[in-house]
Amino acid sequence: MHQPTIGILHPGSMGAAIAACAASNAAAVLWCAEGRSPASTARAEQFGLTAVPTLQELLDRSDMAISLCPPAAAEDLARNVAARRFNGVYVEANAINPERSVRIAGLLGPAATVVDGGVVGSPPVRGKTPTLYLSGPPAATAWVEGAFADTAVRTKVLGTEIGQASALKLAYASFQKTSRVLVALAIGVAREHGVDQELVEVASRRTDSYLSEPEYIAKAAARAWRWGPELEEAADMLTAAGLPPEMLRAAASTLARWDDAKDDGELTLTDALKRLTQP
C-alpha cells in the first residue's frame, strides 16, 4: 500500500513520540495546532510533526488518524472526528475498556475503518520500545503495522475483534498500576514503624512478577480464608498510620469469594477464576 499521511489527534508525550516513529514510513505526520497548549506545540516541533490549522484539514489530508488522548476524552474526540466525515483508518489507541472501543467503532462506521489499539510501555524515546497491540480488520491492522515497521514502536495483532487490544491493555494496567499503589502503601506503613529498608531487602530477594505465575491463583484461592483476615489486619494498620485502607479491604473482599475453597489442594485455575465471578 502507499505511504499514508498520518494525523495524530492529541500530541501528548506518548502521542507525539508514537507519531514521530511512523514518520519514516509515512508521507507526512500531521497534528492540529488549533486550541493546543504551548507545551503541545513544543512537543510537536521537537518531534518534527507538521502543523495544520484545523482538525478538519488534518482529517481531510490524513489516510490514518491515531487517537491517543486522556481516556475520558476518547469518545468526544471520536464524535468530533465522525462529525467531520473522516473516511480513513482510525486507530483508537486509548486506555479505554472494550465496550467503549466498540461504541467508538459504531460512532465512526461505516465511513471510517476502526482499529482497536493499546500501548504497553513507555513513550518511544531514549531507547524505550513500547508495543502497540492491535485488533480489527486484517487489512487495516496490517497497514498500521506497516506504518511502524522497523521503528521503536513494536506492533502485534491480537485478532480481528474490536476490543481485544483494549482488553489486553487494561488487564495489564490493572495489575501494573495497582501494584505501584500497593508498593506505596507497603513502604509507607513500614516506614511508619521504622522497617522500610528491611521490607525492601525482603522484597529484593524475589524479582519475578506474580502476573507471570497464573498457576499460583488456585493456591491463593485455597489460602484465601487465611489471607483475607490478614489483609483486614493490615488495613487496620494502614488506618492507624493515617494511610488509606480501602485497597486492602477491597482485596480482602475479593478473597472472601474463595472462602469455600479452604485448603482445597485439588482446585484448578479454571475453578478458582470461575468462583471469582460468583458473589
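Why are E57 and R61 separated by about one helical turn? They are 4 residues apart in helix 3 (residues 55–61). Helices here are DSSP runs of H or I of at least four residues, strands are E runs of at least two, and both are numbered from the N terminus. The model is predicted: local features need pLDDT of at least 70, side-chain atom pairs count only at pLDDT 80 or more, and totals for chains, interfaces and linings use all residues. Residues are numbered from 1 along each chain as its sequence is written, and side-chain values use heavy atoms, without hydrogens and water.

The side chains of E57 and R61 form a salt bridge (3.3 Å, N to O). The term means a side-chain nitrogen of Lys or Arg within 4 Å of a carboxyl oxygen of Asp or Glu. E57 is partly exposed at 28% relative accessible area. Buried means under 20%, exposed over 50%, partly exposed in between (1.4 Å probe, protein chains only).

Helix 4 (residues 74–83) holds R79 and E75, 4 residues apart. They too meet in a salt bridge (4.0 Å, N to O). E75 is buried at 11%, whereas R79 is partly exposed at 39%.

Now turn to helix 1. Of its 9 residues (13–21), 8 are buried, so the helix is largely enclosed by the rest of the structure. Its cover includes strand 1 (5–8), strand 2 (28–32), helix 2 (38–46) and strand 6 (113–120).

The largest nonpolar core has 30 residues. Such a core joins buried Ala, Val, Leu, Ile, Met, Phe, Trp, Tyr and Cys residues through side-chain atoms within 4.5 Å. Helix 1 gives the largest share, 6 residues.

Note on methods
Contact = heavy atoms within 4.5 Å.
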